[in-house]
Amino acid sequence: MSSSLSLPATPASRPPISADETVVKVERQYRRPGMVSNRPRVMKAAFVTAFGKPLTIGELPVPSPAHGQVLIKIEACGVCHTDVHAADGDWPVKPNPPFTPGHEGIGRVVELGEGVKGLKEGDMVGVPWLFEACGLCDYCLTSRETMCESATYGGYSANGGFAEYCVAPADYVARIPEGLDPIAAGPIICAGVTTYKGIKVADCHPGEWFVVSGVGGLGHLAVQYAVAMGLKVAAVDVADDKLELARRLGATLTFNAKTVDAVKAVQEAIGGAHGVLITAVSKGAFAQGTGMLRRGGTCVLNGLPPGDFPLNIFDVVFRCLTVRGSLVGTRSDLKEALAFAAAGKVKANIETASLEDINDVLERLRTGKVTGRIVLKIA
């Protein structure tokens, strides 16, 4: 996420938690008249107490939903590389420990706060990265809510899904289609919607060439979305096993950037791509992005490595290229991304783990030893 990200100092949707107390007073419950809560007092959770340190696995108070919120009993939660950035505090705008990461939490609504409409107890929902936006600014009013300067973010500026329970604003949770398994749904509400939106804003048409650079947790989903959207896909990575995965998922061409000049290879093979999506967390991949385009093409940036990368001004201007950043997706994008998954056209390559394994999972992500996505089985 960019340095323009603004995080409220004490967001109302994020109840305080303490690493020193295993049980603290549970705040007032907001139940409709006649409804009886069977919410437990405490829950198991994995939370950050200090940047760069292992997450603490312990008990926290079960939160109660405020006005407009729902309480969700989490069944599964995907682990994203953003959770590593959150735990290590290595982005320019940092979360405030202690906090609970996880922005791919999937579970069932077990309690409604006052004023909630459109949801009922038992509904399957997800807690995405875009936890809540203001709904009133120019960005929100023009279907660009991911740019809202007052937005809060799941597992970052609001407590997330590495826990048995989570509260979230009813208007912003992902509605999970019937029949879509919670474990399968987890990666879709982050990696899936992120890559789907990136492909959308590349403005490519069916039958055109699209390059996915980086076939990891995001990229292997990007290949599937691009194929499902009628694009001809070429994949670029530095690992042969990931390129083989890309071919199995429908990529027509693959290039190993360690053994060939990816820019030259793409230009020679297809005359340049109409669109390129950079999912790799690598400045080298960013530097290659515009070079793989044909005239008038669009390079979309999803990955978030630190630092900057060069752009040849003459090349961008003379070849009429577009370079565009894309941050997750709106609620509408999320609905569309989930529909592809529910129809069986997109499926994450998933490995499951337990909440107790979270520190090992984060370390594997740090060292690039995860192919596809890891989802924690919470319940």
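Buried here means under 20% relative accessible area, exposed over 50% and partly exposed in between, with a 1.4 Å probe and protein chains only. The model shown is predicted: local features need pLDDT of at least 70, side-chain atom pairs count only at pLDDT 80 or more, and totals for chains, interfaces and linings use all residues. Residues are numbered from 1 along each chain as its sequence is written, and side-chain values use heavy atoms, with hydrogens and water left out.

**View A. Strand 13 and its two partners.** Let us start with strand 13 (residues 273-278), where five of the six residues are buried, so the strand is largely enclosed by the rest of the structure. Helices (H or I, at least four residues) and strands (E, at least two) are DSSP runs, numbered from the N terminus. Strands count as paired if DSSP finds at least two bridges between them. Strand 10 (residues 209-213) runs parallel to strand 13, with four bridges, and V211 has V276 as its bridge partner. Strand 14 (residues 293-301) is also parallel to strand 13, joined to it by five bridges; here I278 stands opposite L301.

**View B. The crossover through helix 7.** Strand 13, helix 7 (residues 283-289) and strand 14 form a right-handed β-α-β unit. Right-handed means that, with the strands pointing away from the viewer, the path from the first strand over the helix to the second runs clockwise.

**View C. The largest nonpolar core.** A nonpolar core is a set of buried Ala, Val, Leu, Ile, Met, Phe, Trp, Tyr and Cys residues joined through side-chain atoms within 4.5 Å. The largest one has 47 residues, and V70 and F162 have the most contacts inside it. Strand 3 gives the largest share, five residues. Another core, of 39 residues, lies apart from it and includes L180, L221, V300 and A348.

**View D. An aromatic cluster.** Rings of Phe, Tyr and Trp (its six-membered ring) pair if their centres lie within 6.5 Å; planes under 30 degrees apart count as stacked, over 60 as edge-to-face and the rest as tilted. W91, W129, Y153 and Y156 are linked by ring pairs into a cluster. The ring centres of W129 and Y153 are 4.8 Å apart and their planes lie at 25°, so this pair is stacked. W129 is buried at 2% relative accessibility, and Y153 is buried at 4%.
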